[in-house]
Amino acid sequence: MKHPSRRASRLGPSVICLALLVSLFLGPVTEAHVVSPTAGRQVCQMTLVWTPTGYQTVWTTSPSGSWTASRTPGWVTIPVTPLPPVQKPLPAPLPLPTPKPTPVPPAPLPLPTPAPVPTPVPSYRSDLESQMVGLVNAERAKVGLPALIVDPALTRLARMKSADMVALNYFGHISPTYGSPFDMMRANGITYRAAGENLAAATSLALAFDGLMRSAGHRANILRAEFTHIGIGVVPGGPYGITFTQLFIGR
């Protein structure tokens, strides 16, 4: 048996023409099988394959004995593998913009601490203070005692005590602000050998003084011989309308 390649080389031109004819009559074919007419012997088989880039020949051997050209299976075929589509490279992603830092609002300036509103001090009644001093000295004169001298420092403290009672709504000798009347005097630099305090609350001066003279303890302070100075504070307000404070000291 001759070498298949040599046999195929003599059949080469006719085989190619036959394959081309098959292609023309059958339309675009994927493959064409061309077999030698020599029966009972292995001969060369040329397969003409149509691809998108042209015809391609592949040589094999086959036991066939006739010329054939068909699409039917029966011989070794070379499937046409479609070329993968050309994919265009994706464009490079655009760089993300650099985020701008969010400006942090400045911390609010601290609000100024409001100045404390002073508790309004009720206005004092100097006219009633003077009248009460006259009533006190008149009673002292009845029993042969010298008149008490008005002390400005004591008068200021008596007004403070009356205003404190009106503002804090209390009535008593011990102040939540100043303590006892003796503590208040010492804290304000007032010295004494003897000291005392009378308190009254009424709708009028006459009622207040009458109530003091009817009370044994208050009457005793008004007529005490050891006392030499007095200060009186009269402030409108309180549960009875007018608040009175009498401070006595002996020097």
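Is Ser-175 buried or exposed? Ser-175 counts as buried because its relative accessibility is 5%, where buried means under 20% relative accessible area, exposed means over 50%, and partly exposed lies in between (1.4 Å probe, protein chains only).

## What you are looking at

This is a predicted model, in which local features need pLDDT of at least 70 and side-chain atom pairs count only at pLDDT 80 or more, while totals for chains, interfaces and linings use all residues. Residues are numbered from 1 along each chain as its sequence is written, and side-chain values use heavy atoms, leaving out hydrogens and water.

## The chain as a whole

Let's step back for the overview. The chain has 6 helices and 7 strands; these are DSSP runs numbered from the N terminus, with helices (H or I) of at least four residues and strands (E) of at least two. Followed along the sequence, they come in the pattern α-β-β-β-α-β-α-α-β-α-α-β-β.

Of the chain's 251 residues, 34% count as buried. The chain exposes about 15,900 Å², and carbon and sulfur atoms supply 65% of that area; accessible areas come from the Shrake-Rupley method with a 1.4 Å probe, and for residues only the protein chains shown count as cover. A contact means heavy atoms within 4.5 Å. Among contacts between residues at least 6 apart in sequence, 63% join residues at least 24 apart.

## The sheet and its helices

Now find the open sheet, which 4 strands form in the order 4-6-7-5 with mixed pairing. Strand 4 (149–150) and strand 5 stand at the edges with a single partner strand each, so one side of each has no neighbour in the sheet. Strands of a sheet pair through backbone hydrogen bonds, either parallel or antiparallel. Here, two strands are said to pair if DSSP finds at least two bridges between them. Strand 4 and strand 6 (residues 229–236) pair in the parallel sense over 2 bridges, and the partner of Ile-149 in strand 6 is His-229.

Helix 2 (residues 126–142) lies across strand 4, strand 6 and strand 7 (242–250), and runs at about 140° to strand 6. Helix 5 packs on the sheet, where it touches strand 5 and strand 7, and its direction makes about 130° with that of strand 5. For these angles, axes are lines fitted to C-alpha atoms, for helices over the stretch in contact, and values run from 0 to 180 degrees between N-to-C directions.

## Around Ser-175

Back to the residue from the opening. Ser-175 sits in the loop between helix 3 (152–168) and helix 4 (181–187). Its side chain reaches the backbone nitrogen of Tyr-178 at 3.0 Å. Setting aside neighbours within four places in sequence, Ser-175 is in contact with Lys-161, Asp-164 and Tyr-170.

## Around Glu-197

Glu-197 counts as buried because its relative accessibility is 7%. The side chains of Glu-197 and His-173 are joined by a polar contact of 2.6 Å. A polar contact is a pair of N or O atoms within 3.5 Å; within protein, one must be able to donate a hydrogen and the other to accept it, and residues adjacent in sequence count only if both atoms are side-chain atoms. Not counting residues up to four places away in sequence, Glu-197 touches several others, including Pro-181, Asn-221, Thr-245 and Phe-248.

## Salt bridges

The structure holds 7 salt bridges, each a side-chain nitrogen of Lys or Arg within 4 Å of a carboxyl oxygen of Asp or Glu. One of them joins the side chains of Lys-161 and Glu-197 (3.1 Å, N to O). This pair links distant parts of the chain, with Lys-161 in helix 3 and Glu-197 in strand 5, 36 residues apart. Both Lys-161 and Glu-197 are buried.

Other salt bridges sit within a helix. In one, the side chains of Arg-186 and Asp-183 meet at 2.8 Å, N to O; both residues lie in helix 4, 3 residues apart, about one turn of the helix. Arg-186 is exposed because its relative accessible area is 51%, whereas Asp-183, at 35%, is partly exposed.

Arg-214 forms a salt bridge with Asp-210, with 2.8 Å between the closest N and O atoms. Arg-214 and Asp-210 are 4 residues apart in helix 5 (residues 205–214), so about one helical turn separates them. Arg-214 is exposed, with a relative accessible area of 67%, and Asp-210 counts as partly exposed at 37% relative accessibility.
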